[in-house]
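Trainee: I have a model open and a list of questions. Can we go through them briefly?

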Amino acid sequence: MAYQIPASDIVSIIDSPPTPAASLAPGRRFVALVHFESHPPITQLARPYLALAGLRVDPALGGRQRVRRLTGLSVIALPGGQPRRIELPENRSVSLPIWAPDGRRFAFTLDEPDGIAVWIADAQAATAAEVPGLRVRDVLGGDPVSAGSTVRWSRDGATLLVLGSPGPPEPLGPEPIEPQAEETSGKRTQMATFTDLLRSDADSDRFESLATTVPLRVDPDSGNAVELGPAGLYYSLVESPDGNHLLVYRLQRPFSFRVPFPYFSRRVEVCSADGQLLRVIADLPVSDEVPRQGVPTGPRMVSWEESVPASLVWAEALDGGDPMAKVEHRDEIFRLPAPFDESPQSSLLVEQRCIGWYDMAAAGQLLISEHDRDRRWITSRLVDLAAPGDSRVIFDHSVDEAYLDPGAPMMTVHPDGTRTVLQDGNQIYLRGQGASPEGDRPFLDRLELSDLSTQRLWRSPADAFEVVLGFAGDDRGSVLLWHESRTEPPNLVVARLDGSDQTQLTWFPDPHPQLTGMDKRLLSYDRGDGVQLTGWLHLPPGYEQDRDGPLPLVIWAYPLDYGDPATAGQVRGTAERFTRLTASDPIWFVLRGYAVLQGATVPVIGDPETMNDSYVEQITAAAAAHIRAVADLGIGDPGRVAVGGHSYGAFMTANLLAHTDLFAAGIARSGAYNRSLTPFGFQTERRNFWEATEVYDRLSAFRYADKITAPLLLIHGERDANSGTFPIQSERLFQAIQGTGGTARLVILPYESHGYVARESVLDMLAEQFTWLERWMAPAAGVSEAGASSALGGEPDEDWE
C-alpha cells in the first residue's frame, strides 16, 4: 500500500517552516537561531544503521543516526539587531551552537560525506569556517543535535576539547551467522525492557570499533591537535575551572547484552591538562542489577565544583541504590580537591535521594536537591560543603505542585568559562511556568537568599504568553523573550522590565492563518468525586452553536499520577498560546469539523505503591466526566466521541475501549497493551508482574481484546526504540481483536521510532486518522467552510487505495 496523502491544506501546514530554536550567548550580547527541518524525507530515516548498545549508529558517518536535519544558523546582536544568516554548505546538517566563554564565538558540528566536521562561527561578523582537518565522532559523546560532550571549549576559550575520529570507520564485514546464547544464574536483573542492545560478540566488536575516539586538544584556527590519551571509549572530557586538569569518563569491557551503554563497565578519571592519569575516581562494573527505580552504587554525577579552581564533587548511595531500603540517609556527598592524592572528604549526608545540584558563585556552595520518593517531594538546600551543618532549605514542595513551583535558577557562563547560578550579591533569579487557576503565566523572580523574600520582576501578560530566555546584555532592566498570543506566532522580543519599551527582533509568519478564528477555551469540572479535571476545548473556525449544533468530539489525553487530589486538579497550560499545529497534535481535527478536547486531564491518584489498583476506575470516571462536560455545553455529541493518545495515552485509550462503552472509535499510537511484556514496572508502577499479577493482567488491553467493540486504529513505528512499546504490542493487540471479531486497523510506519518524523510518515498518519474518524463518526455537514464533507477536505491530491 502506498503512503496516503491528505488534502493540500494539511500538506501545506506540515511543509511550513518551523520556528527556529534560540540559543543565548554567554554575556548575553548575541543570540543564535537554529533552523531545522521538521519532517525530513523517509530516505533519511532509511539510511543504514547498526543497533548497538542502546544506540543507533550510522557507520558511514561515524556517528549516531540522524532523524532530523538542522539546516542552518543565524545570529542576532542584542539588544536590537536583525537576524543574519551564516553561509554554510548546502544540504548539510549542523548541531546546536556550543558557545565559547567570550560569548562571541561558537563551535558546531557539520555532517560531511567523510564524517563529522567542526566549524567555528563569529557572531559579530556572522561568518563561519571549518576547523582544518578535524573529524569527530558522537557515538558516545551525546545527542547529535546538541553535540553533547563531543566538542567543548577549554575554560579560557583558546582551544577545543574534542572526541576525535581515529580515522575512517573500518569496513564492516557481513554479520556472522551464529547462534545467540545467554545464561543467568542468581542475578536479579529487574530493569526495563531496553531496545537495540548488543546481541553477540560480533556486535560488541562493532560497537567498540565505531565508538572509539581519540581525546584531543585542538587549536580552532589552525586545526593543530594534541592527543590527550590513547584511543578509547570516551564519552566526556571536561576541563577543571583553573584549566589544569581534566575529568574523563570512558567505557571499558566487559559490555552487556542486558543493558545499554551507560550501564556498561566504566571509569571516571582525573588527569593533568596534557592527559596524564592522576587518579581513578571510580572503576565501576556493569550495572545490570540496579533496583527498580533505583540508582547504581559507587560514585555518580562526578563533576567539578565550578566555583573552586580544581575540586571534584559526587554522590554515592548509602542504601545500595535501593529506594525500598529503610535507612537514615540515602546518599552521601563527597569532594576531592587537587592534588587528588588524599582520601575523598565526606561533606554531607542526604536524607533522601540526591538528584543533582546547582553550583553557586561562592566557593564551595551548592544548591542540592533531593527527592523523597514516598512523599513525592522535592527539597533543595543551600549547602556550604566546608560547613554542611549550616545548610538551609531554600525550596520545599510536592513534585506534583504546579501553583507553588518556585521556578528554576537562571545560570550564567562567566568569562573564565565557569558556569554557576546567576547571582548579584545574595540575590538569584528564578524562571518558572507560573501555573495558576487561570492558566500558565511565566514569571521572572529575584530571590533574596538571606531571608528568602522574593520580588516579581516580570510576569507574562494575561492576554499573551511570554517566556524569558535571559537578560539582554549586562542590563538587568531588559530581557530577551519569546512572545506569542492566540493570533501571533512566537517571535523574539527584547523588552524593558518596567514595560516602557519593546523591540521585536524576528517576524516569523503564521503557518496556518486558517486557524486564526478557532475558538479555544479552558474547561474545568468535577470528576464526580471531588477531583477537579481540566481540558482545552478547541472548536472549528466559524463554528456557531445555534446553527451547527453539537459536534463530534475527539478527546486526547495522557494519564498522569498524583499523590493527592488537590495537585491533580491544578490547571496546567494556557489558552493564550499560539496554536502551532505539529504532526502529533490532535487539533488537526478542528479543520475537519470536530470539537477537540486536548490535554484532557486523566489523573490517577493514590498511594504510589498501589494507585494502579484503581487505574481502570479512575480513567473511566475521568473520561465520562469529560464527555458529560462538553455535552452539557451543547457543543459535543455524546454519541459521537472518539478517544486517542500516544504512548501511555495509547495504553489509556485501549483500556477505555476494553472496559467501557463510552466511545464510538479510538486512535492508539505507539502504545503498550500487554503488561506481561513489561514485567518489571511501567510508567510509575513500582511492583513487578509477580508482585501484582492481577493489576498487570487487568491493565493489559490485550487480555480483554474480546471486549473491544469500538473500532480502534492502531499506529506504530516499525522501529520503536522506546522501552516497553515494541511494535509487537500493537501487532498482537490487532491480531487479538481480529481473532475475536472486533474492528481494528493496524498501520506500521517504516523506519519510524516512537515518535514519527518523516514527511511521508506524518502525512500518512494524518490521512489515516482523518479517514478513520470520518468512517465511524463523520462530522455534521456544513459546520463551516473550514469543516469538511470528507476527511480529505475535498478532492485528494492522489488516488487512495
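**Loops, cysteines and helix packing**

Mentor: Start with a loop. This is a predicted model, and in it Ala126 sits in the loop between β10 (115–122) and β11 (127–136).

Trainee: What is phi of Ala126, and is the residue buried or exposed?

Mentor: Phi is near 60 degrees, a positive value in a residue other than glycine. The relative accessible area of Ala126 is 11%. Buried means under 20%, so Ala126 is buried.

Trainee: Where is Tyr751, and how does its relative accessible area class it?

Mentor: Tyr751 lies in the loop between β48 (744–749) and α10 (759–777). Its phi is positive too, near 70 degrees. The relative accessible area is 29%. That falls between the 20% and 50% cut-offs, so Tyr751 is partly exposed.

Trainee: What is omega for the bond that joins Ala338 and Pro339?

Mentor: Pro339 is in the loop between β22 (331–337) and β23 (345–350). Its bond with Ala338 is cis. Omega is about 10 degrees.

Trainee: How many disulfides does a search of the whole structure find?

Mentor: Cys271 is buried at 6% relative accessibility, and Cys354 is buried at 3%. A disulfide needs sulfur atoms within 2.5 Å. The number found in the whole structure is 0.

Trainee: Which residues does Phe207 touch, leaving out those up to four places away in sequence?

Mentor: Phe207 lies in helix α3 (residues 201–211). Its relative accessibility is 1%, so it counts as buried. Its C-alpha is 8.8 Å from that of Leu50, 157 residues apart along the chain. The residues touched are Leu52, Ala53, Leu55, Leu140, Leu198, Leu251, Phe255, Phe261 and Phe264.

Trainee: Are α6 and α7 roughly parallel or roughly perpendicular?

Mentor: Helix α6 (residues 615–632) and α7 pack with their axes 10 Å apart, at about 85 degrees. Angles of 65 to 115 degrees set the class, so the two helices are roughly perpendicular.

Trainee: How do the residues of that contact divide by type?

Mentor: From α6 come Tyr615, Val616, Ile619, Thr620 and Ala623. From α7 come Tyr648, Phe651, Met652, Asn655, Leu656 and His659. The division is 8 nonpolar, 3 polar and no charged.

Terms used:
Residues numbered from 1 in each chain as written. Predicted model: local features only at pLDDT ≥ 70, side-chain atom pairs only at ≥ 80, totals over all residues. Heavy atoms only, no water. Buried < 20%, exposed > 50% of the residue type's maximum accessible area, 1.4 Å probe, protein only. Helix = DSSP H or I, 4+ residues; strand = E, 2+ residues; numbered from the N terminus. Contact = heavy atoms within 4.5 Å. Axes fitted to C-alpha atoms, helices over the stretch in contact; angles between N-to-C directions. Parallel < 35°, antiparallel > 145°, perpendicular 65-115°, else oblique. Nonpolar A, V, L, I, M, F, W, Y, C, P; charged D, E, K, R; others polar.
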